[in-house]
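Please read them with the structure open beside you.

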Amino acid sequence: MKILLEPNLQKEKAAGLTRRAAALLQGYGAVCLLKDSLQRTLFIEGAEYLPREKAQASCDMVITIGGDGTLLHAAAHLLKDPKPLLGINVGRLGFLTSLEESELERLAALATGDYTIENRRFLQAVIPQTGQTAYALNEFVIGACGVMKALRFAVFCDGVKVNDYRGDGVIAATPTGSTAYSLSAGGPIVDGELNAMIVTPVCAHSLNTPPLVLSGDRKLSVHLMELPPDTQVMLAADGGRWLAVTEQETVEIFLSDKSLPLVSLYGNRQLKAIDQKLKGR
């Protein structure tokens, strides 16, 4: 088995944890790959250093060493060429990651096949007026750039208006992302195995704007209304890539046919994370 290691070296413990993980994986018979730009800063005996695209094309699995942001960054690279993805957490919450640094011995399960794959679907957003498109594993957020200003949105589902929102923004999340920004904004936790979408307003100025859980077969359309002067609105994907949205444009959001195979070493990884990482916070 060839495993591509993707460390976030901005994390203090990531380099040492990558070396420990590589030593264990090599002991189990795996070949460790790293992108060639890391050869000087993170040299590992016996590892192969390749251009990132070549390493991803030739690997059987990708392991990130960082936090949820590191995993989401790797997931974006795997859109066109999906590979099983496993995360080792050296961040704070690490809700999407499977292993903590104290659990590296569980990597032995990769050699024995004692793991499961959870296929998590991406959201896709399209701006029909420009043809621009984006993908997100966790969520899309539509809101003002820079200083937060109250915006007004009209949200339609399959062409039927479901609500008006006036507030800081609107989140469209996957079940995978239901424990991220959407949860912080008052959205529900949704089983990651479901094909569904969650619509959660951000700081809505109303007492009657509950979050919505919709079938994954639906299509959302979000329309900007009453855009304040000198305000730029963006569509942000997983807190990273963003697209500008104008008052004349509509954002259509739906579950993509693209999915990410997440590796789970503990059965239902999401329920384990809820129990261990969210309770008492």
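1. Strand 18, which spans residues 250-264, is mostly covered, since 11 of its 15 residues are buried; buried here means under 20% relative accessible area, exposed means over 50%, and partly exposed lies in between, with a 1.4 Å probe and protein chains only. Helices (H or I, at least four residues) and strands (E, at least two) are DSSP runs numbered from the N terminus.

2. The model is a predicted one, in which local features need pLDDT of at least 70 and side-chain atom pairs count only at pLDDT 80 or more, while totals for chains, interfaces and linings use all residues. Residues are numbered from 1 along each chain as its sequence is written, and side-chain values use heavy atoms, with hydrogens and water left out.

3. Which residues does Val 251 touch, not counting residues up to four places away in sequence? Taking contact as heavy atoms within 4.5 Å, the list is Ala 125, Val 126, Ile 127, Ile 142, Leu 220, Ser 221, Val 222, Leu 235 and Val 245. Val 251 is found in strand 18 and is buried, with a relative accessible area of 1%. The C-alpha atoms of Val 251 and Ile 127 are separated by 4.9 Å, although the two residues are 124 residues apart along the chain.

4. Strand 16 (233-237) has 4 of its 5 residues buried, so it is largely enclosed by the rest of the structure. Strand 16 pairs with strand 9, residues 139-144, in the antiparallel sense over 5 bridges, and in strand 16 it is Met 234 that stands opposite Gly 143. Strand 17 (242-245) likewise runs antiparallel to strand 16, the two being joined by 4 bridges, and Val 233 has Val 245 as its bridge partner in strand 17.

5. Strand 16 and strand 17 form a hairpin with 4 residues between them, and Asp 238 in the turn has a positive phi of about 50°, although Asp 238 is not a glycine. A positive phi, near 50°, is also found at Asp 158, again a residue other than glycine. Asp 158 sits in the loop between strand 10 (151-157) and strand 11 (160-167), and counts as partly exposed because its relative accessibility is 40%. I would ask the reader to look at the backbone of both loops.

6. Helix 3, residues 68-77, has as its buried residues Asp 68, Thr 70, Leu 71, Leu 72, Ala 74 and Ala 75. These buried residues pack against strand 1 (2-7), strand 4 (61-66), strand 5 (85-89), strand 7 and strand 18. As background, an α-helix has 3.6 residues a turn, so residues three or four places apart point the same way.

7. Leaving aside neighbours within four places in sequence, Asp 114 is in contact with Arg 106, Ala 109 and Leu 265.

8. Of the contacts with a separation of 6 or more, 67% come from residues 24 or more positions apart. The C-alpha atoms fill a box of roughly 60 × 35 × 30 Å, taken along the principal axes.

Definitions and conventions: Two strands pair if DSSP finds at least two bridges between them.
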